[in-house]
Each structure stands twice: as C-alpha cells, then as structure tokens.
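This briefing concerns selected local features of one model.

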Amino acid sequence: KKGCLLSAPDTYMEKIAVGKGLEKNIIDLDNSVEENIELISAAKKLKPENLTACVLKRSRHDKIISSLESLNVKIKFITDGDVTGVISVADPSANVDIYLGTGGGPEGVLAAAALHCLGGQMQTRLVLNNTDEINRANALGIKDIKKKYNIDDMIKDDVIFCASGITDGEMLRGIKDIGDKFEVNSLVLHKSQNISKKVTNIIKK
C-alpha cells in the first residue's frame with residue numbers, strides 16, 4: 001500500500017540523488033543545500049565550483065538554485081523529465097554530481113529503480129500539502145508523513161528498468177523515421193544480471 005501512494009500519479013516528493021562510489025547515506029534531505037554540497041565536495045576532493053548539480057527549472061526550486069549559485073556550483077538545468085535528471089548522476093558522460101528538487105512520485109520510483117541498478121544513492125520524502133493528502137497517506141498505512149525513503153525502501157527486490165526515447169534527449173535519441181521502419185533507442189538495466197546497455201530496435205510500420 002505504501003508503494004501505491006509513492007507511485008500515485010498526483011503524488012509529489014522531494015528528491016536528492018548522487019552516483020556510485022560514495023559513502024552510504026552521504027546525502028540527506030534534512031541537510032541544507034550547503035551541507036550536502038560540502039559533503040560531496042569533501043568526498044570527491046573537489047571544490048564546490050568544480051561540482052555540477054542537476055535541477056529541474058521550476059520556480060519552486062529558486063531557493064535551491066540561489067544556494068547553489070552562492071557556492072559557485074555549476075547548474076545543469078532540465079526543463080522536464082526528472083527521471084533522466086536523477087539518472088544522470090550515475091552516468092559518467094553526463095558529469096553531474098548531485099540532483100536536487102521536487103517532482104512527481106511515479107518519476108521518483110522509476111528513477112530509484114534505475115539508480116538501484118546503477119549503484120547510485122537517492123533519498124525522497126512525500127510532499128503532502130493539505131489535510132486531505134495527509135488523510136489519504138494515513139489511510140494507505142503511512143503514519144510518519146515526514147519519513148525519508150531511500151532506494152532500499154522503494155525498491156525491495158531485483159528490478160528491471162527500461163526506457164525508450166520518444167524525442168531526442170541527452171540520455172537517448174528519439175524515434176527516427178527511416179522510411180518503412182522506425183528506429184527506437186532504449187536504455188535497459190537489470191540489477192541481478194548486472195545489465196546496463198543501450199539497444200536499438202528497428203520496428204516495421
């Protein structure tokens with residue numbers, strides 16, 4: 001039941017994520033942006049100005065953005081698709097050190113599945129704005145509405161993640177019309193089989 005609320009279409013959550021190779025639980029939603037950047041900076045032996053944070057460009061993130069700018073952290077803005085933004089922390093070619101922001105619950109669970117396969121870390125917390133939302137959470141068995149969820153809380157067992165590009169993006173190319181066929185590019189991850197690859201399929205019209 002708890003998983004149902006986390007992935008409900010109208011559910012929002014705070015999110016913070018980093019890639020692999022870092023001390024477990026190094027980041028925390030209860031830390032300030034400055035504290036989390038300081039921890040990542042020390043762990044990677046990099047100055048804040050040499051770090052890059054990925055942030056969904058929304059007015060609700062103005063405070064996060066101001067904090068990052070005050071530290072001279074480079075910011076990679078995305079306009080939508082925070083699943084890709086979260087996954088970018090585990091993609092060496094993306095050069096992203098941390099993801100911060102608030103976004104959709106379903107996207108958070110999908111991103112957690114991908115990071116579980118890629119060895120990254122993520123922490124989330126539900127955003128409940130009114131009594132109705134709190135009551136709904138309680139009815140689904142969530143009594144601690146301030147609970148922070150790590151990947152292990154959201155993804156209990158083995159998991160497969162698959163995403164296909166519709167339009168061109170940094171992670172995947174979009175669907176390409178090649179005459180009587182379509183070319184589709186997909187990212188495929190499987191935790192237990194240690195699979196992480198991009199595949200191209202040709203589909204007849």
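Asparagine 194 lies in the loop between β9 and β10, where helices (H or I, at least four residues) and strands (E, at least two) are DSSP runs numbered from the N terminus. The model is predicted, so that local features need pLDDT of at least 70 and side-chain atom pairs count only at pLDDT 80 or more, while totals for chains, interfaces and linings use all residues. Residues are numbered from 1 along each chain as its sequence is written, and side-chain values use heavy atoms, with hydrogens and water left out.

**Loop residues with positive phi**

- The phi of asparagine 194 is near 55°, a positive value in a residue other than glycine.
- Asparagine 194 counts as exposed at 68% relative accessibility; buried means under 20% relative accessible area, exposed over 50%, and partly exposed in between (1.4 Å probe, protein chains only).
- Asparagine 25, in the loop between β1 and α2, likewise is not a glycine and has a positive phi of about 60°.
- With a relative accessible area of 48%, asparagine 25 is partly exposed.

**The largest pocket**

- The largest pocket holds about 860 Å³ of space; grid points are joined across faces, edges and corners, and a volume is the space filled by probe spheres set on the points.
- Thr84, Ile87, Glu170, Met171 and Leu172 are the closest to the centre of this pocket, out of 39 residues that line it.
- On a 1 Å grid over the protein atoms alone, a pocket is an open set of points where a 1.4 Å probe fits, with protein on both sides within 12 Å along at least five of seven lines, whereas a cavity is a set from which the probe cannot get out; lining residues have an atom within 4 Å of a point.
- At least two residues of the lining of the largest pocket come from each of β3 (74–78), α4 (82–87), α5 (105–118), β7 (160–164), β9 (181–190) and β10 (195–204).
- By residue class, the lining of the largest pocket has 19 nonpolar, 13 polar and seven charged residues; Ala, Val, Leu, Ile, Met, Phe, Trp, Tyr, Cys and Pro count as nonpolar, Asp, Glu, Lys and Arg as charged, and the others, Gly among them, as polar.

**The second largest pocket**

- The second largest pocket contains about 300 Å³ of space.
- Its lining comprises 14 residues, of which Glu14, Leu29, Asn31, Val33 and Ile64 are the closest to its centre.
- Two or more lining residues of the second largest pocket are given by each of β1 (12–18), α2, α3 (62–70) and β4 (98–104).
- The lining of the second largest pocket divides into five nonpolar, five polar and four charged residues.

**Serine sites**

- Serine 41 belongs to helix α2 (residues 33–44) and is buried, at a relative accessible area of 10%.
- Not counting residues up to four places away in sequence, serine 41 touches Leu46, Lys47, Pro48 and Leu51, contact being defined as heavy atoms within 4.5 Å.
- Serine 67 is placed in helix α3 and counts as buried at 11% relative accessibility.
- Beyond its neighbours within four places in sequence, serine 67 is in contact with Val33 and Glu34.
- Serine 32 lies in the loop between β1 and α2 and is partly exposed, with a relative accessible area of 28%.
- Although 35 residues apart in sequence, serine 32 and serine 67 are 8.9 Å apart in space, C-alpha to C-alpha.

- Alanine 112, in helix α5, counts as buried at 0% relative accessibility.
- Leaving aside neighbours within four places in sequence, alanine 112 contacts Met122, Ile151, Met154 and Ile155.
- Threonine 102 is found in strand β4 and is buried, its relative accessible area being 19%.
- Apart from neighbours within four places in sequence, threonine 102 is in contact with Met13, Glu14, Leu56, Arg60, His61 and Val127.

**Charges over rings**

- The charged end of lysine 147 sits over the ring of tyrosine 149, 5.4 Å from its centre; this requires NZ of Lys or CZ of Arg within 6 Å of the ring centre and within 35 degrees of the ring normal.
- Lysine 205 lies over the face of phenylalanine 182, at 5.0 Å from the ring centre.
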